[in-house]
Amino acid sequence: MSVTEEFLTPEEEKEIVEAIVLAEKNTSGEIRVHIENHSEKPPLERAQEVFYQLGMEATAARNGVLFYVGVSDHTFAIIGDEGIDKVVEDDFWNSTKDLVISNFKEKRYKDGLVKGILKAGERLKSYFPYADDDENELSNEISKS
């Protein structure tokens, strides 16, 4: 079993996907989680690379959000697409990032991701509210590499 497969149990992964579905009921923003073992690149740089590999820039409002986790590297990053960056304050992601990291430090990985995802959905609501005709533009499943 790989490090990324041991990071979360299948049940924990299911709870994270459920959190994504719930968060996306608040916002038209699209949230994804990517988990990988290791990267030579800094976490923000790697998260941006993964963001494009997953096609997250393809949302109509450019409002995709990626939670990136480097398991062996003990790294985490959260990034939003340009549609988000154009309308939110510079430190918009800091409180969400801090919430996730504080849980990670206590080895509560699932809790950190779930709480962060729900907070992101709540915070995005005022900028990108959910509309009845919203489509789920990106997969809610956790990606791994």
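Reader: Where is the place of lysine 107?
Author: Lysine 107 sits in the loop between helix H5 (94–105) and helix H6 (109–124). Helices here are DSSP runs of H or I with at least four residues, and strands are runs of E with at least two, numbered from the N terminus. The model is predicted, so local features need pLDDT of at least 70 and side-chain atom pairs count only at pLDDT 80 or more, while totals for chains, interfaces and linings use all residues. Residues are numbered from 1 along each chain as its sequence is written, and side-chain values use heavy atoms, with hydrogens and water left out.

Reader: Does lysine 107 count as buried or exposed?
Author: Lysine 107 counts as exposed because its relative accessibility is 61%. The cut-offs are under 20% relative accessible area for buried, over 50% for exposed and partly exposed in between, with a 1.4 Å probe and protein chains only.

Reader: And what is the phi of lysine 107?
Author: Phi of lysine 107 is near 65°, a positive value in a residue other than glycine. Most residues other than glycine have a negative phi.

Reader: What about the phi of arginine 62?
Author: Phi of arginine 62 is near 55°, again positive in a residue other than glycine. Arginine 62 belongs to the loop between helix H3 (43–53) and strand E2 (64–70). Arginine 62 is partly exposed, since its relative accessible area is 22%.

Reader: Let us turn to the whole fold. How many helices and strands does the protein have?
Author: The secondary structure comes to six helices and four strands. Along the sequence, the pattern reads α-α-β-α-β-β-α-α-α-β.

Reader: What share of the residues counts as buried?
Author: Of the 145 residues, 46% count as buried. The protein exposes about 7500 Å², and carbon and sulfur atoms supply 49% of that area. Accessible areas come from the Shrake-Rupley method with a 1.4 Å probe; for residues, only the protein chains shown count as cover.

Reader: What share of the contacts joins residues 24 or more positions apart?
Author: Such pairs account for 71% of the contacts with a separation of 6 or more. Contact means heavy atoms within 4.5 Å.

Reader: Which residues is threonine 96 in contact with?
Author: Leaving aside neighbours within four places in sequence, threonine 96 is in contact with Phe67, Ile78, Gly116, Lys119, Ala120 and Arg123. Threonine 96 lies in helix H5 and counts as buried because its relative accessibility is 1%.

Reader: Which residues does proline 43 touch?
Author: Not counting residues up to four places away in sequence, proline 43 touches Tyr68, Thr75, Phe76 and Ala77. Proline 43 is in helix H3 and is partly exposed, with a relative accessible area of 25%. Its C-alpha atom is separated by 25 Å from that of alanine 61, 18 residues apart along the chain.

Reader: Where does histidine 74 lie?
Author: Histidine 74 lies in the loop between E2 and strand E3 (75–80), and at 69% relative accessibility it counts as exposed. Histidine 74 and lysine 105 are 31 residues apart in sequence and 9.5 Å apart in space, C-alpha to C-alpha.

Reader: How far apart in space are aspartate 132 and glutamate 6?
Author: Aspartate 132 and glutamate 6 are 38 Å apart, C-alpha to C-alpha, and 126 residues apart in sequence. Aspartate 132 lies in the loop between H6 and strand E4 (143–144); at 80% relative accessibility, aspartate 132 counts as exposed.

Reader: Finally, which residues does UniProt list for "domain: TPM"?
Author: The unreviewed UniProt entry lists residues 5–121 for that domain. UniProt positions are given in the numbering used here, feature names are shortened, and annotations may be inferred rather than shown by experiment. In the model, the end C-alpha atoms of residues 5–121 lie 26 Å apart, and the span is 49% helix and 17% strand.
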